[in-house]
Amino acid sequence: MNRLVVSDIHAGYGAVRVLHGVSVEANQGETVVLLGTNGNGKSTLIKCIMGLIQPSSGQIFLEVDGRRIDLVGRSTEDIVNLGVTLVPEGRRLFPKLTVEENLLLGAYRPEARREIDRNLSACFETFPILQQRKRQLAGSMSGGEQQMLAVARALMSEPKILLVDEPSVGLAPILVSRVIATIKELKERHNLTVLMAEQNFNQATKIADRGYIIVHGKIEFEGRTTRELVENELVKKFYLGV
Amino acid sequence: MFSLDLLLNAIVAGILIGGFYAAVSLGISVSFGLLDIVNIAHPAFVILGSYTAYAMNRFFGFDPLLTGLLFTPVFYALGVVVYRLYYLGFERKGEESLRGLVFFFGVLFIVEVALLLAYGVDYRMIEARYVGQSFHIGVVGIAFRLLLPCLVGLMVTVALHLFLSKTFYGRAIKAVSQDSQALRLMGVDPVKIKRIAFALSIATASLAGALLILIGPVEPSIGREYIGRVFAIVVLGGMGSISGTLAASVILGVVESLTATFSGPSWAPAVSFGILLVVLAVRPAGLFGR
Ligand SMILES: Nc1ncnc2c1ncn2[C@@H]1O[C@H](COP(=O)(O)OP(=O)(O)OP(=O)(O)O)[C@@H](O)[C@H]1O
Ligand SMILES: [Mg+2]
């Protein structure tokens, strides 16, 4: 049992306050989507979870088999070692390393090293292009291939909880549906808990079990089902332009 | 003037000295190319390695190669300390570029002055049975004082190459300057990675120093002769490329040796700067730069 809980988080960058009391959670096996347009604080929330920025107040914790593990105050490395992995915004690959080297770096944490062969073949099976291009420099791959590599690299870390920050950015529509569908497939195969930030409402709701809408650093709506999200007035206003 | 014997001997001597140049340059290739640390004090650590080999030889009769190996952990530890100071003083505050350069200039200066005070300006050399010996293959003479440093240089190159390409630490070292925050997202502490890599570079410097005093006598400021040469090699090889550093070392060694043989030794130092300028103009990424 793995559960991620974010409770009443306030955070920002110096004097710029971005999050004002945000609470979200993702339960074992769920795909939870965090919807919001540009600049509403999606990435900021994800950075708080990963320990890349420290919230000024609030709690973030994991529940692993009934045990509570607080994340606030831990280093990013510690958090990754607990089994929380991020596919970051903008992919953040190592452009001058090969595809294979990028994947192997994903498996740095001790628990992942033991599973390295199995995970590598699983990645190559899901993304055959990565196997064909394993000696190519990551920076010379196309945008779509890079996004697949970013997802595959995250899976190499044998995560329990996978955070994904806007996988659709910069991709052609056909690739967006492919990447999103792959995330769903991987989630099921690896029994992951997924929290995904997205702007692409139509694609995100295809795979989400439920979700939140974040506006100006506050959760304005919580949809307990995808249907609730789709039918919500805020969604119509912000996304469907009704 | 020109003869085939002379040519062959010059080429072989150049290759041998090239292997030694690789040992001196690898550490700089790592710190400049992979860590973005402008360690211009690298030659000072080489000289420190030479004097360690000298002292151990003089007082305990140790072979310089043995000293070189035995002291790598000591210099590794010294590298840890120097990186710690650099990190706390500059890197952590994001002031690494210009102030970092000043820091390493200071280190260079301190080491040089300390050696001057301890040993004076005289040239020092070591004693070992094999230093004056050589053997012949056909017309080509091979001196042990050049052959051994070349072999050790090659071994260090191979070891470093394997370490960087086959281990988790190695891959993290290659990634750290590209995106250190992304590296943290892989569960890697970038500061620890840089500490390990920097300390390793200092350990290779000390080993290169033991080789240097095997090749010929040293004095405290001899490192300056190497600065231009080492930069030419590192740039030609493509910063951070280990195989490129080796290739560039051998190229420079051979070109220098040919120049010294056929145009006179006083031209040899000009070779490295000539190569440096041409490479910067024609192919700034170097021969093997990614
Ligand atoms: N490093 C930073 N320093 C100062 N302000 C920042 C920083 N990063 C983000 N912000 C601000 O915080 C707010 C929220 O940004 P955030 O990146 O969390 O938005 P987002 O929802 O992820 O948007 P997008 O969809 O464009 O990625 C924005 O107003 C942004 O300008
Ligand atoms: Mg964002």
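An oxygen atom of ligand 1 sits 3.3 Å from a polar backbone atom of A:N40. That is a polar contact, defined as a pair of N or O atoms within 3.5 Å; within protein, one must be able to donate a hydrogen and the other to accept it, and residues adjacent in sequence count only if both atoms are side-chain atoms. This is a predicted model, in which local features need pLDDT of at least 70 and side-chain atom pairs count only at pLDDT 80 or more, while totals for chains, interfaces and linings use all residues. Residues are numbered from 1 along each chain as its sequence is written, chains are lettered from A and ligands numbered from 1 in the order in which they are written, and side-chain values use heavy atoms, with hydrogens and water left out.

Stay with ligand 1. A polar backbone atom of A:G39 lies 2.8 Å from one of the ligand's oxygen atoms. The side chain of A:K42 also takes part: an N or O atom there is 2.8 Å from an oxygen of ligand 1. Taken alone, ligand 1 exposes 630 Å², and the protein buries 62% of that. Such areas come from the Shrake-Rupley method with a 1.4 Å probe; for residues, only the protein chains shown count as cover.

Now look at the whole shell. There are 13 residues around ligand 1, and A:N38, A:S43, A:T44, A:E89 and A:E166 come nearest. A residue is near a molecule or strand if one of its heavy atoms lies within 4 Å of it. The shell divides into two nonpolar, eight polar and three charged residues. Here Ala, Val, Leu, Ile, Met, Phe, Trp, Tyr, Cys and Pro count as nonpolar, Asp, Glu, Lys and Arg as charged, and the others, Gly among them, as polar. Helix α1 (residues 42–49) of chain A gives the largest share, three residues. Helices (H or I, at least four residues) and strands (E, at least two) are DSSP runs, numbered from the N terminus.

A:K42 belongs to helix α1 of chain A. Is this residue buried or exposed? A:K42 is buried, because its relative accessible area is 3%. Buried means under 20% relative accessible area, exposed over 50%, and partly exposed in between (1.4 Å probe, protein chains only). The A:K42 side chain also reaches backbone oxygens of the protein: that of A:G36 at 2.8 Å and that of A:T37 at 3.2 Å.

Next, the salt bridges. Side chains of opposite charge can pair when their charged atoms come close. A salt bridge is a side-chain nitrogen of Lys or Arg within 4 Å of a carboxyl oxygen of Asp or Glu. In one of them, A:R3 meets A:E25 at 2.6 Å, N to O. A:R3 is in strand β1 (residues 2–13) of chain A and A:E25 in strand β2 (residues 16–26), so the pair links distant parts of the chain, 22 residues apart. A:E25 is partly exposed, at 30% relative accessibility.

A:R3 has another partner. Its salt bridge with A:E63 has closest N and O atoms 3.3 Å apart. A:E63 lies in strand β4 (residues 57–64) of chain A, so this pair ties together parts that are 60 residues apart in sequence. A:E63 is partly exposed, at 26% relative accessible area.

A:E145 and A:R133 form a further salt bridge, at 3.5 Å. A:E145 lies in helix α7 (residues 143–155) of chain A, and A:R133 in the loop between α6 (128–132) and α7. A:E145 is buried at 14%, whereas A:R133 is partly exposed at 28%. Shared partners join A:R3, A:E25 and A:E63 into one network.
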